[in-house]
Amino acid sequence: NMVGRNRFVGPGSFDFNLGIYKNIAVREKYTVQLRAEGYNFLNHANLSNPGGQDVSGGGYATASYYGRRFFQMAVKLHF
């Protein structure tokens, strides 16, 4: 018994990224920028589509295609 193409709809995705920065004037021509960024800030699991070839697993979406929460910080000098 075959199932046609695009018969099943996979789970949606939710992504919340956050970035903040602060510019600080050091002298007349120099500015320091402090930056912090967070990806997948709320740590929400975005599940991948269920496998289409093997139906023995029941067609459940169990794998996550977007990794865990990730933060990075940077300092930039403008002159």
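Biologist: How many residues does the hairpin use to join S1 to S2?
Modeller: Five residues make that link. Keep in mind that this is a predicted model. S1 covers residues 18-25, and it pairs with S2 in the antiparallel sense. Eight bridges hold that pairing on record. For one example, take Lys22: its bridge partner in S2 is Leu34.

Biologist: Which strand pairs with S2 over nine bridges?
Modeller: That is S3, and the sense is antiparallel. Look at Gly38 here: its bridge partner in S3 is Phe71. S2 spans residues 31-39 and S3 spans 70-78.

Biologist: What pattern does the protein chain follow along the sequence?
Modeller: The pattern is β-β-β. There are three strands and zero helices.

Biologist: What should I know about side chains in a strand?
Modeller: In a regular strand, side chains alternate between the two faces of the sheet. Now pick a residue in S2: Gln33 lies there.

Biologist: Is Gln33 buried or exposed?
Modeller: Gln33 is buried, because its relative accessible area is 7%, and the cut-off for buried is under 20%.

Biologist: Which side chains does Gln33 join by polar contacts?
Modeller: One is Asn23, at 3.1 Å. Another is Arg35, at 3.2 Å. Beyond four places away in sequence, Gln33 touches several residues, including Tyr21, Lys22, Ala74, Val75 and His78.

Biologist: How do I describe a pair of aromatic rings?
Modeller: You give the distance of the centres and the angle of the planes.

Biologist: How many aromatic pairs are there by this rule?
Modeller: The count is three. In one of them, the rings of Tyr39 and Phe70 have centres 6.1 Å apart and planes at 25 degrees, so the pair is stacked. Tyr39 lies in S2 and Phe70 in S3, so this pair ties together parts 31 residues apart in sequence. Tyr39 is partly exposed, at 28% relative accessible area. Phe70 is partly exposed too, at 45%.

Biologist: Which aromatic pair is edge-to-face, with 85 degrees between the planes?
Modeller: Phe41 and Phe71, with 5.9 Å from centre to centre. Phe41 sits in the loop between S2 and S3, while Phe71 is in S3, so the pair ties together parts 30 residues apart in sequence. Phe41 counts as partly exposed, at 30% relative accessibility.

Biologist: Which residues form one aromatic cluster?
Modeller: Phe16, Phe41 and Phe71 do.

Biologist: Where is Asn46 placed?
Modeller: Asn46 is in the loop between strand S2 and strand S3.

Biologist: Is Asn46 buried or exposed?
Modeller: Buried, because its relative accessible area is 2%.

Biologist: Let us step back to the whole chain. What share of its residues counts as buried?
Modeller: Of the 79 residues, 8% do. Gln33 is buried, and so is Asn46. The accessible surface comes to about 7300 Å². Carbon and sulfur atoms own 55% of that surface.

Biologist: What share of the contacts with a separation of 6 or more comes from residues 24 or more positions apart?
Modeller: Those residues account for 56%.

Terms used:
Residues numbered from 1 in each chain as written. Predicted model: local features only at pLDDT ≥ 70, side-chain atom pairs only at ≥ 80, totals over all residues. Heavy atoms only, no water. Helix = DSSP H or I, 4+ residues; strand = E, 2+ residues; numbered from the N terminus. Buried < 20%, exposed > 50% of the residue type's maximum accessible area, 1.4 Å probe, protein only. Contact = heavy atoms within 4.5 Å. Areas by Shrake-Rupley, 256 points an atom, 1.4 Å probe, with all protein chains shown as cover. Polar contact = N/O pair within 3.5 Å; in protein donor to acceptor, adjacent residues only side chain to side chain. Phe/Tyr/Trp six-rings, centres within 6.5 Å; stacked < 30°, edge-to-face > 60°. Pairing = 2+ DSSP bridges.
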